[in-house]
Amino acid sequence: QVNTEWVEVESCGVNHIEGGWPKDINPQELEQTTRFRKKVEKDENYVNTIVHLGTLMEHCVKQNNAINIYEEYFGEEEMAEVEDEPPSAKTINVIRDPNLTKRTATHLSWHPDTCKKLAVAYSSLEFQQNMKDMSFDSYIWDLENPNKPELVLKPSSPLVSLEYNPKDSHILVGGCYNGQMAYWDTRKGGLPVEVSTVEVSHRDPVYGAIWLQSKTGTECFSASTDGQVLWWDIRKLSEPTETLVLDITRQGLLENALGAITLEFEPTMPTKFMVGTEQGIVIACNRKAKTPPEKITSTYSGHHGPVYALARNPFYPKVFLTVGDWTARIWSEETKESSIMWTKYHLSYLTDGCWSTVRPSVFFTTRSDGTLDVWDFLFKQKDPSLSLKV
């Protein structure tokens, strides 16, 4: 027989200082121990136990003879060496803005369940550019049909950010160029269900909008270059539920506030979030702090220009990535003085970046010259493992 019998092992023990003698016998006294031994050996129970243990022991010894688990049976077969394939990537789809006047795709959001659909916000971020024939539409694309959008979203002002609700994939929230917040229910078509009023909205484009982890699944927050972070409940967009001014002097003055252009939120840290600013500073915040000045917990400065991307590592949330000016930097939350790693200074601007969701050491960056770089810092740190010209 090859299979050994299944045994559940349980550890129990006696503290053997010297044998397992009863309390009233002194192991050092030879006379006492001899007398006790003779008495036990005459006991019938002792004999039965030894016989029983003997058969068990014999069974175990024989079991080891049945098969030598350490023997190499297939030693002569050489392992075929697997050669490392060079990294590669291929373009699967190209989705083009269907309008004559092409606009920037300012934000992407994957459908939370299928990943076959992609919501894309389109707007031109060039200040006071001729908007006469410029379309305001943004789209939801089905990747299996890249020629025609699945749904056309029609905001009152072009969308700068657009996010699927992770709890309800029919709902999307969008931040507009004019500072308003809007939300859509795809079952109700392309017009927004509700839009925030201009008076209570941001005064600048809404560069970041993120859903919160709430019981209702209707709460979100937004950030803008006007220096404010606003919290919303889409059931009542008439006014924000909470406001934070991004003034790092902690005086709460809007004229001192830094303009936000990226927003980060990790659902496993429900009270924390981070903001990347136009001034190159990353602000870490705690929403549940008692007073508004305490809501700004720390700052990280290392970029010369705006922080275009800000993302926590999905496997090690205390480590985060920032992209700005000509470099991408990796930070540890504890180390505020400087980033712990950074890429070389590129010749062209870096425009965005994100982590791989499957490998902790892999991240992606994009450059203004149309290159997508894939970095794996366990493999090499000086250069990307793969560069693709898009």
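**Salt bridges and a sheet**

Tutor: Asp137 is buried, at 14% relative accessibility (buried is under 20% relative accessible area, exposed over 50%, partly exposed in between, with a 1.4 Å probe and protein chains only). The model is predicted, so local features need pLDDT of at least 70 and side-chain atom pairs pLDDT 80 or more, while totals for chains, interfaces and linings use all residues. Residues are numbered from 1 along each chain as its sequence is written, and side-chain values use heavy atoms, without hydrogens and water.

Student: What does the side chain of Asp137 meet in a salt bridge?

Tutor: Lys154, at 3.1 Å from N to O. A salt bridge here is a side-chain nitrogen of Lys or Arg within 4 Å of a carboxyl oxygen of Asp or Glu. Asp137 sits in the loop between strands S2 and S3 and Lys154 in the loop between S4 and S5, so the pair ties together parts 17 residues apart in sequence. Strands are DSSP runs of E, at least two residues, numbered from the N terminus.

Student: How many salt bridges in the whole structure?

Tutor: The search finds 19. Among them, Asp185 pairs with Arg187 at 3.0 Å between the closest N and O atoms. Asp185 is buried at 7%, whereas Arg187 is exposed at 53%.

Student: Switching to the sheet: what is the order of the four strands?

Tutor: S21-S22-S23-S24, open, with antiparallel pairing (two strands pair if DSSP finds at least two bridges between them). S21 and S24 each have a single partner strand, so one side of each lacks a neighbour in the sheet.
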